Amino acid sequence: MEGDTYWNISMHFFYIAVGLIIFKLYNSITKGKFDSKRRLDGQVIIVTGASRGMGKFAATDFAKRGAKVILAGVDFKELNEAKDEIIELSGNQNIVAKHLDLASFQSVRNFAKDILKTEHRLDVLVNNAGVNCLLNKKTDDGIHIGLQVNHFGHFLLTNLLIGLLKKSAPSRIIHISSMLHLIGNIDFDDLKGVETKKIDLQYYPDSKLSILVGSNEFSRRLEGTGVTSNSLHPGAVKTDIFMGNQNIIIALFWKMFFGIFCKTVEQGTQTTIYLAVSDDVKYDSGKYYADCKESTWKKTIANNKEVGKKFFERCCDIVGLKPEERLI
Ligand SMILES: NC(=O)c1ccc[n+]([C@@H]2O[C@H](COP(=O)([O-])OP(=O)(O)OC[C@H]3O[C@@H](n4cnc5c(N)ncnc54)[C@H](OP(=O)(O)O)[C@@H]3O)[C@@H](O)[C@H]2O)c1
């Protein structure tokens with residue numbers, strides 16, 4: 001009997017070890033690399049969540065290519081430190097830090113108003129900022145905070161900047177989704193995520209599916225305008241996104257896990273840079289990418305036009321988009 005127990009435990013460790021090795025191998029093979037020296041002089045790019053992680057890496061890359069980069073984020077001290085570092089690394093002085101709290105529709109409106117007042121063009125909008133959604137809190141706008149930061153805040157921002165993007169066409173919108181959208185749901189009875197009690201881990205996949213469905217609908221509505229809308233999965237990447245809002249032991253476990261088994265920030269950011277810079281995808285829209293190529297690993301609902309239309313309309317109501325702000 002005791003022998004059986006030891007055998008069972010050993011087998012469990014064996015399966016976990018095999019699973020981790022496969023995961024590590026998968027991450028080692030699936031590394032798209034975007035190798036291009038294409039310059040972006042004269043372009044204006046907004047990157048949300050640019051204070052650290054992949055947003056900061058992408059912003060640095062765009063700065064090195066000569067673009068004016070607007071770094072948007074909540075923690076203004078961290079954002080300004082990122083700005084100084086990016087200027088030093090790129091030699092590009094045309095880097096601006098602006099406050100944007102995606103958990104507040106008023107903050108998104110203030111940010112968009114400022115951009116519309118100060119910028120004459122917008123070539124690329126990178127909706128990168130994200131949280132792990134483990135903080136189960138309602139925002140002042142009455143929405144689950146994770147859903148608002150990841151999806152609704154960006155949804156409002158994108159709509160408010162559509163006029164400028166159209167004026168600057170050809171221009172691009174890049175939405176950072178995740179492979180985890182595959183286990184996400186769109187719950188039309190509770191899009192705000194505050195009525196039904198779900199396990200905390202469910203909000204992140206739900207937010208990432210919302211981003212993907214939203215991106216595809218933006219693409220349909222923007223057809224013929226020269227503005228493209230695409231989404232992507234960066235891979236499992238060593239950043240701090242899964243460290244926040246949890247028990248210190250679990251956070252340390254994730255840090256170790258991500259450190260050993262996941263992609264570096266540079267590797268994880270390749271697809272974002274590819275979609276923002278490459279001429280190969282200049283006219284591509286409504287697609288989902290991973291490792292610098294189109295990925296078919298997406299939930300079927302993502303391409304459902306009826307769902308996309310209904311979802312978009314409901315989101316416009318939730319974010320309080322006024323009739324005169326509805327440009328698509
Ligand atoms: N890392 C992964 O394995 C992975 C996998 C799939 C998808 N993704 C996605 O990739 C994107 C980048 O993630 P990352 O891993 O680079 O994360 P990260 O290092 O944690 O960076 C997240 C960024 O989002 C910003 N942010 C958080 N709350 C915000 C708010 N309320 N308003 C504005 N900005 C806010 C943070 O800025 P502050 O410090 O100012 O809060 C930070 O700059 C996210 O959308 C994430 O969901 C990541």
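**Close-up views of the predicted model**

**View 1. The whole chain.** Nine helices and eight strands make up the chain; these are DSSP runs numbered from the N terminus, helices (H or I) having at least four residues and strands (E) at least two. The radius of gyration, taken over C-alpha atoms, is 20 Å, close to the 20 Å that the globule rule (2.2 Å times the number of residues to the power 0.38) gives for 328 residues, so the chain is as compact as a globular protein of that length. Please keep in mind that this is a predicted model, in which local features need pLDDT of at least 70, side-chain atom pairs count only at pLDDT 80 or more, and totals for chains, interfaces and linings use all residues. Residues are numbered from 1 along each chain as its sequence is written.

**View 2. The open sheet.** Eight strands line up in the order E3-E2-E1-E4-E5-E6-E7-E8, with mixed pairing (two strands pair if DSSP finds at least two bridges between them). Strand E3 (95-99) and strand E8 (293-294) are the edge strands, each pairing on one side only.

**View 3. Strands E5 and E6.** Strand E5 (residues 171-176) and strand E6 (residues 227-233) run parallel, joined by six bridges. Look for serine 171, which stands opposite valine 227 in E6.

**View 4. Around the ligand.** Among the 28 residues around the ligand, Gly49, Gly53, Ala129, Gly130 and Thr239 come nearest; a residue is near if its C-beta atom, placed from the backbone, lies within 6 Å. Helix H2 (residues 53-64) gives the most to this shell, with three residues.
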